[in-house]
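Subject: Structure handover

Hello,

Here is the structure for you to look over. My notes follow below it.

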Amino acid sequence: MEKLKYDKKTGRLLFTKQMRRDYTILFPMMAPIHFEILGKVFKKLGYNCELLETNGPEIAQTGLKYVHNDTCYPAILSIGQLINAVQSGRYDVNKVALMITQTGGGCRASNYIHLLRKGLKKAGLEQIPVISLNLSGMEKNPGFKLTVGMIRRAVAGVIYGDSLMCLRNQCRPYEINDGDTDRLVKKWQDEIVSMLNQSKGYKLKEIKENLIKIADDFHSLEVDRSEKKVKVGVVGEIYVKYAALGNNNLEKFLEEENCEVNLPGILGFVLFKIDNRLEDIKLYGGSKIKRKVCQILMDYCLKVEDALVTSISRYDEFVAPSRYYHTKSLVDGVIGYGTKMGEGWLLTAEMLELVESGYHNIVCTQPFGCLPNHIAGKGMIRKIVETNPKANIVAVDYDAGAPKVNQENRIKLMLSIARENLEKEKVNI
Amino acid sequence: MELRVGLDIGSTTIKCVVIDENNEIIYSSYERHLSKISEKIAEVLKILKKDVLNGIENVKISLSGSAGMGIAENCGFPFVQEVYATRIAAKLFNPETDAIIELGGEDAKILFLNNGVEVRMNGSCAGGTGAFIDQMASLLNVSIDEMNELAKNHEKIYTIASRCGVFAKTDIQPLLNQGGRKSDISASIFYAVVNQTIAGLAQGREISGNVLYLGGPLTFISELRAAFDDVLKTKGTCPKNSLYYVSLGAALASDKLINLDTLLEKVSNYSHLGNFAFRPPLFNNEEEYLAFKKRHDQAQVAIYPFEKLQGPAYLGIDAGSTTLKCVVMDEKKNIYYTKYMSNSGNPVPLVKDLLQEIYELKPDIQIKASAVTGYGEDIIKNAFKVDFGIVETIAHFMAAKKFMPEVEFVIDIGGQDIKCFKIHNGTIDNIFLNEACSSGCGSFLQTFASALGYDIASFSKLGLFAKRPVNLGSRCTVFMNSAVKQAQKDGASIEDISAGLSLSVVKNALYKVIRASSPEELGKKVVVQGGTFLNDAVLRAFELEMGIEVVRPNISGLMGAYGAALYAQLMCENNKESTLISAEELEQFTHKIQVTNCGLCENHCRLTINIFNDGRRFIGGNRCERPITKKVVDNELNIYSYKLNLLQSYRDDTKGKRGEIGIPLGLNMFELLPFWTVLFNSLDIKVIYSPLSSRKLYLYGQTTIPSDTVCFPAKLMHGHIRELIRMGVKKIFYPCMSYNIDEKKGDNHYNCPVVAYYSEVINNNIKDLKKENIDFIKPYLGIHRHKDFASKFYENMKPHFPDLELKEVQEAVKNAYKAYDDYLSKIRIKGDEIILRAREKGKQILVLAGRPYHLDPEINHGIDKMLSSFDVAIISEDVVSNKVKNKINVHVLNQWTYHSRLYYAASYIRNQKDMNLIQLVSFGCGVDAITTDEVRDILEKANKIYTQIKIDEITNLGAVKIRIRSLLSALERKENQNGKIKVR
C-alpha cells in the first residue's frame with residue numbers, strides 16, 4: 001500500500017501520484033459501448049482503469065448492505081458493484097482505487113461519492129481512495145487530473161459511442177445475418193480505441209470523417225426492413241436508462257419483444273449540463289467570464305453534434321438524433337429551462353423528441369422515488385399525452401425490491417397498445 | 001360451432017371462460033390457485049377437454065394475467081396482457097363505457113376509454129387491492145362478507161392512510177384498541193381503498209361518465225362500490241360476468257388454433273426451471289438442528305403450575321398490536337401463569353376475561369402490583385386500574401436483563417412491530433422501531449403462510465431443511481408477494497420459499513429497520529424475543545445472518561408481559577396495596593364506547609370515549625391532553641406553536657391597488673411567506689394565502705397528483721392551488737427556485753428538486769388553471785443573488801403587473817429581505833427565550849428538526865403538541881443552527897440550505913447536555929436518506945441518542961409516542977443511573 005495522504009482542509013483521502021503508478025482504478029458500468037471505449041482510452045493515458053462488467057443479484061445485495069436503503073437505486077447498484085468487486089478477492093485491496101462520477105447538481109446523485117466513502121468505511125476499507133470524475137472542479141487529487149487532451153478524447157469517445165449505439169439500434173432488429181451488427185460495433189470500438197490511443201481521431205475533422213465512415217459501414221449491413229416493427233424510445237434517469245444492471249436488461253427485453261429501440265445519446269446530456277450554467281446566468285445573473293468559458297465548450301460540443309447528425313442523416317433509412325437546440329425548443333411552454341437537477345427538462349424534451357421522430361411508444365425509466373423524475377418525468381407525461389395523442393408512455397420504477405415480472409407486465413401493456421396502433425397505421429397505409 | 005377459450009391467471013385466482021361464436025359464455029370457472037399455477041392450469045384444461053370441448057382437438061385459446069406470463073412463454077400459449085384483455089372485453093360488451101376500475105387480488109387498474117385511451121396499473125404499491133382488504137378483514141377478525149355488512153351501518157369515516165397495508169394497520173389498530181366501532185372502521189377501510197385507487201392511479205385524470213366496476217373485490221363488496229360512487233359522484237355499474245372480463249378478453253383475442261393435447265402435455269411437464277437465486281440451507285441435517293435446539297433450550301425461566309403460587313404475586317400484561325400476553329410471577333420471579341392470545345381488536349373484553357380467569361383459578365391470589373405495556377396500555381390501565389403503565393421498550397429490556405444481565409442488544413419481533421435497542425452503560429441507547437414498514441415482522445410470514453394454506457408455525461417449519469432457500473432480498477411485503485410468485489414461476493418449492501421468507505424477515509429487520517452492516521455493530525450479547533422468534537427457522541436465519549449465537553428465552557413471546565411484571569415488582573412500595581380491579585369489581589365491570597370529534601384545536605382528533613360502569617371515562621385518539629383536562633396546552637415552550645402564530649400575523653391588510661395575488665401555503669412558501677408578503681405589499685399588491693392544510697384540502701387536490709410516490713408535503717400543494725382557485729383568486733404566484741438563500745453553511749445552497757420545481761408539476765396537472773383562466777406565475781427566481789434579484793423579479797413580474805417600476809421594486813425587495821431576516825431573528829430570539837426558561841425550570845429541550853414546512857399541522861400531525869404534553873421544551877433546527885460559527889465538516893456533499901441547518905443544529909447540541917434532537921422525515925424524501933445518516937453520525941459521535949420519526953399521511957401517533965417515551969426515559973436513566981426508572 002502506498003502512503004495514505006489526506007486533504008488538509010477536509011480530511012479526504014487523496015489519490016496520490018505514487019498511487020497512479022501501481023493502483024488499479026475500478027469504475028462502475030453504465031452505458032457499455034461508451035464506457036468500454038473510455039476505459040481503454042484512460043488506460044493508455046496512464047491510469048490503470050478497469051471497467052466493472054460484473055452483474056448478478058449479489059451486487060444489489062452488497063449495495064443494500066452498505067448504502068442507506070432509501071437512497072436511489074443507481075447509488076445502491078454502482079456502489080454495490082464497486083464494493084462487491086473490491087471484496088471479491090480479485091484485487092489487492094491495498095492497491096486499488098475507485099472512481100465515480102459526480103455532477104454537482106441539486107440532485108442526490110452528487111452525493112454518491114460520499115455514500116461510497118461511507119460504505120467503504122462500513123466495510124472496513126477506508127484505505128481505498130475514491131476519485132471524483134467531474135467537470136466542476138470538485139475534489140482535486142494530485143494523482144488524477146483531467147487535462148484538455150483527456151476531455152477531448154472523452155468527448156470523442158462519447159460521440160462515437162452515441163453514433164454506434166444509435167446505428168446499432170436501428171440495424172440489429174433488421175439484420176439478416178445474426179450477429180453482423182454487433183460484430184460491426186465491436187470492430188469500430190476497437191478501431192476507435194486504437195485511434196484515440198495513437199492520439200488520432202479526436203480532432204473535429206477526424207471525428208467528422210470517422211462518423212461518416214461508421215454510418216457508411218452500417219448502411220452497408222445486410223438488413224430486411226420490410227416488416228414494420230414497434231418503435232420504442234427509452235428515456236429516464238441516466239443510469240437506469242443505460243445500465244442493463246439498473247433496468248433489468250430493458251433493451252434486450254424490448255428486442256425480444258420484436259421492437260426497435262431508441263435510446264437518446266449521452267452527448268445531449270453533456271450539452272444539457274453545460275447549457276445549465278448558461279441558463280443559470282440568464283435566469284439569475286452571473287459572471288460574464290464564466291458564460292464565455294461555457295459558451296466555448298458548448299460551441300465545440302455542438303460542432304461535434306453537427307458531425308453526428310450530418311453523418312447519420314445521409315441515409316434515409318436512419319433516423320438521426322435531433323439537434324440539441326431543436327430538442328430544447330420542444331419543451332418551450334411545457335417546462336422551464338431552469339429545471340436543471342438530474343436530467344431536468346431534457347427528460348421531458350427527449351420524450352417529445354422521440355414522439356416527433358416517430359418513436360411514439362416510450363418507456364420512462366426511473367429509480368423508485370427519483371426526485372427530479374417526479375417533476376420532469378411523471379409530472380409531465382399528462383401534458384405530453386394531451387398534446388400528442390399518439391404518445392404511448394409507460395413510467396417504470398426500478399428498485400432493488402421491484403420485481404422484474406411487474407415491470408415487464410407494465411411494459412407489455414404499453415406494447416399491446418403500441419401493436420394495436422401499428423396495425424391501424426398499416427391499415428391506413 | 002367454434003369455441004374460444006380464455007384463461008386469466010391472477011395473483012390469487014384462476015378464471016376460465018369458453019365462448020361461442022356469438023361471444024356468449026358457455027362455460028366459466030373461478031378458483032383460487034394457491035400459487036400452484038401449472039398444476040391448476042392443467043386441471044382446468046383437463047376439465048375443459050372432458051366436459052366442455054367434446055373431443056375438439058384444436059382450440060383457440062389464450063392466456064392472460066400477471067401470474068401467467070412465465071408459463072405462457074414456456075408452453076406456447078398466446079399471451080394477452082391483462083389490462084389490454086379487459087379493454088377488449090369492455091369495448092365489446094360495454095361500448096358506452098368511459099372508464100373502468102378493476103381491483104384484483106394484488107392489482108388495481110384504471111382504464112380510460114374515451115378521449116385517448118389510457119391505462120393505469122399499480123406499479124410499486126399494492127395498497128388498496130384485494131390483498132389489502134383481506135389483510136384488514138383479518139385484522140378485524142371478520143370475513144369479507146361480514147365486513148361488507150358491518151360497513152352498511154357505519155356512522156362515520158375515519159381517516160386511514162391507504163398507501164400501504166402497513167400504514168393502514170397503524171391507523172386501524174389504535175382505533176380498535178381505543179374501542180372504535182367495527183362498522184365505522186370497515187367503511188373507513190373501503191374509503192381508504194377508494195382514495196388509494198384514485199390517488200395512485202388516476203394521476204390527474206378525472207374519472208367521470210360511465211364507470212365500470214370489475215374484479216373480485218368490486219363484485220363481492222357492495223359497500224366498496226358505494227364508496228367509489230360516493231367519492232366519484234357517479235353511479236358505476238358492475239356488469240354481468242364482472243369477474244371474467246380479463247378471461248373474456250383473452251378468449252376474444254384468441255385467433256390461433258392450438259392443439260389441446262400438446263398444450264396439456266407441455267403444461268403438465270412445465271416444471272420448474274430451477275432458475276432462482278438461493279442461499280445455503282438453514283440446517284444441513286437433523287444433527288445440526290438438534291444441537292441448535294439443545295442450545296436454545298438452556299435459556300429458561302422456571303414455570304410452575306398456578307396452584308403452587310404462594311405469597312405476593314405480580315401481574316404483567318402486554319396488550320400488543322395483534323396479541324395479548326399476560327404473566328403472573330412470584331417474589332422470586334418464577335412464573336405461575338401465562339397467557340398468549342391473539343387480539344382481534346379491542347383488548348378490553350380480553351383482559352376482562354383474563355382477569356376473571358385468574359381470579360377464578362386462584363381465588364386467594366394476592367396481587368401486590370400490576371403493570372401494563374403495549375399499544376393498549378392506556379386503555380387497559382384505565383379500565384382495570386392497573387398500577388403502572390410502562391413503555392414497551394423498557395419492559396422488554398427488563399425482561400431481557402433477566403436472561404442475560406450483560407445484554408448489549410435486544411431485538412423483539414412481534415406480529416407487526418420490530419422493537420430493538422442497544423444497551424450502552426446499562427441504559428437504552430439507540431431505539432429502532434419500524435414505522436414505515438412491517439416487512440420484518442411476524443405478520444409478514446403470517447400473510448404468506450395463510451395465502452399458501454398453512455398456519456404460521458407449520459409453514460415456518462417447512463423451511464428448516466429446505467435445500468435451496470430462495471434469496472428474496474429485503475423488501476416490503478407487497479413487493480415480496482410478486483417476488484415469491486416469480487420464484488414459484490422459476491420452480492422454487494414451498495420449502496425453499498418458506499426458508500427464503502424466514503431469511504427475508506431477518507434481513508428486513510437488520511437492513512431496513514436497524515440498518516446494521518455487521519454483528520459487531522450491534523454487540524456480541526444479543527437477546528432475541530417476540531413471537532416471531534418462536535419459529536426456529538427465523539431464529540436460525542437470524543444467527544446465520546448475524547454470524548453469532550444469540551439467546552432466545554423460553555418465554556420469548558411473553559417477554560413484554562414478563563418485563564411488565566418485573567417492573568411492577570421493582571416499582572411497588574411495600575406498604576401500598578395494588579389498585580388493580582378486584583374480583584368483585586370485575587363482576588360489575590361494563591364498558592361502552594362513544595365516538596366524537598374534538599373541536600378544541602385545528603387537529604380535530606377523532607376521540608373515542610370509553611365509559612366504564614362506575615362512571616369513569618377514558619378518552620383515546622387524542623394527541624394532547626386538552627380534551628381530557630380541558631386546559632389549554634402550555635405552548636409557551638413550544639416554538640412550533642409560536643412560529644405558526646407568527647406566520648399568521650403576516651396576513652396582510654393592504655388595499656391592493658394593483659390587484660391581488662394568491663400564494664399557496666406549502667413547501668418553501670412557509671419560510672418565505674414574510675418575504676413575499678412584504679415584497680408584494682410594498683408594491684401595493686394584496687397577497688391571499690391558501691389556508692393551513694387540512695385533510696379536506698388534501699383530498700380536494702388529490703386527483704391531480706401525477707406521482708404517487710412524491711412526498712406528502714408536495715402532494716398537499718395540489719389542494720392549496722385548487723383551494724386558491726376556488727377562493728376566486730385570478731393570479732397565482734408560485735415561483736421555481738433551484739436555489740435557496742445562501743446561509744454560508746455548505747458547499748452550495750440548493751432547494752431539493754421537488755421544492756425547486758414543484759410548480760412545473762402544478763402547472764401541467766391542475767386543469768382548473770386553464771379552465772378558470774388563471775394567470776399562473778411561475779418564474780425561475782434566484783433569491784440567493786441579492787443584487788440581481790430586484791431586476792430579475794421586475795422582468796418577470798412586469799408582464800403581469802404592467803405598471804410596475806424598477807425603482808419601486810428595488811425598494812420593495814429591500815423590505816422583503818429585511819422582513820425575511822426579521823422573521824428568522826424573531827424565531828431565534830423566541831427560541832433563546834425558550835431555552836432559557838426551560839433551563840430555569842430544569843426541563844429537557846428537544847430540537848424537533850425538519851424543514852420549514854414541517855410546521856404545517858397536517859404534515860407534523862401535532863407531534864409538537866404531543867411532545868409538549870411530556871413536559872419538555874421544543875425548539876426547531878433554525879433556532880440553534882446559527883449558533884455554530886465555524887463551517888463544519890460533514891461527510892456528505894452539503895448542498896441544500898434547509899438540510900445544512902440539520903447538520904449545524906446536530907453539531908451544536910453535541911455539547912448541550914439538556915438538548916436532544918428528533919428528526920422529522922417525510923416519507924419518500926430522497927434527500928433525507930442522506931441527511932438522516934449524517935445527522936445520526938454527528939450525534940452518536942457525541943454519545944447522543946438519535947431519534948428519527950417518519951411522517952406521511954399517517955395520522956396516528958402511537959408509534960411516535962413509544963419512541964418519545966423510550967427516548968425520554970432513556971435520557972432520564974442516563975442522568976440518574978442508580979435510581980429507579982421513572983416512566984412517564
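At roughly what angle do the axes of helix α25 and helix α32 of chain B cross? The answer is roughly 150 degrees, and the axes come within 10 Å. Axes here are lines fitted to C-alpha atoms, for helices over the stretch in contact, and angles run from 0 to 180 degrees between N-to-C directions.

First, the ground rules. This is a predicted model: local features need pLDDT of at least 70, side-chain atom pairs count only at pLDDT 80 or more, and totals for chains, interfaces and linings use all residues. Residues are numbered from 1 along each chain as its sequence is written, while chains are lettered from A and ligands numbered from 1 in the order in which they are written.

**Two helix pairs in chain B**

Back to α25(B), residues 639–648, and α32(B), residues 806–841. Helices (H or I, at least four residues) and strands (E, at least two) are DSSP runs, numbered from the N terminus. The two helices are therefore roughly antiparallel (angle over 145 degrees). From α25(B), the contact uses B:I639, B:Y642, B:K643 and B:L646. From α32(B) come B:K826, B:I827, B:K830, B:G831 and B:I834. Residues are in contact if their C-beta atoms, placed from the backbone, lie within 7 Å. By class, five are nonpolar, one is polar and three are charged. Ala, Val, Leu, Ile, Met, Phe, Trp, Tyr, Cys and Pro count as nonpolar, Asp, Glu, Lys and Arg as charged, and the others, Gly among them, as polar.

Next, α13(B) (347–361) and α14(B) (377–384). Their axes come within 10 Å and cross at roughly 50 degrees. B:P347, B:V348, B:V351 and B:L355 of α13(B) meet B:I379, B:I380, B:A383 and B:F384 of α14(B). The contact has eight nonpolar residues, no polar and no charged ones.

**Chain B against chain A**

61 residues of chain B are in contact with 60 residues of chain A. Elements giving two or more residues to the chain B side include α3 (82–93), β8 (118–121) and α37 (928–941). α29(B) gives the most, with nine residues. The chain B side has 28 nonpolar, 24 polar and nine charged residues.

Best wishes

How values were computed:
Contact = placed C-beta atoms within 7 Å. Parallel < 35°, antiparallel > 145°, perpendicular 65-115°, else oblique.
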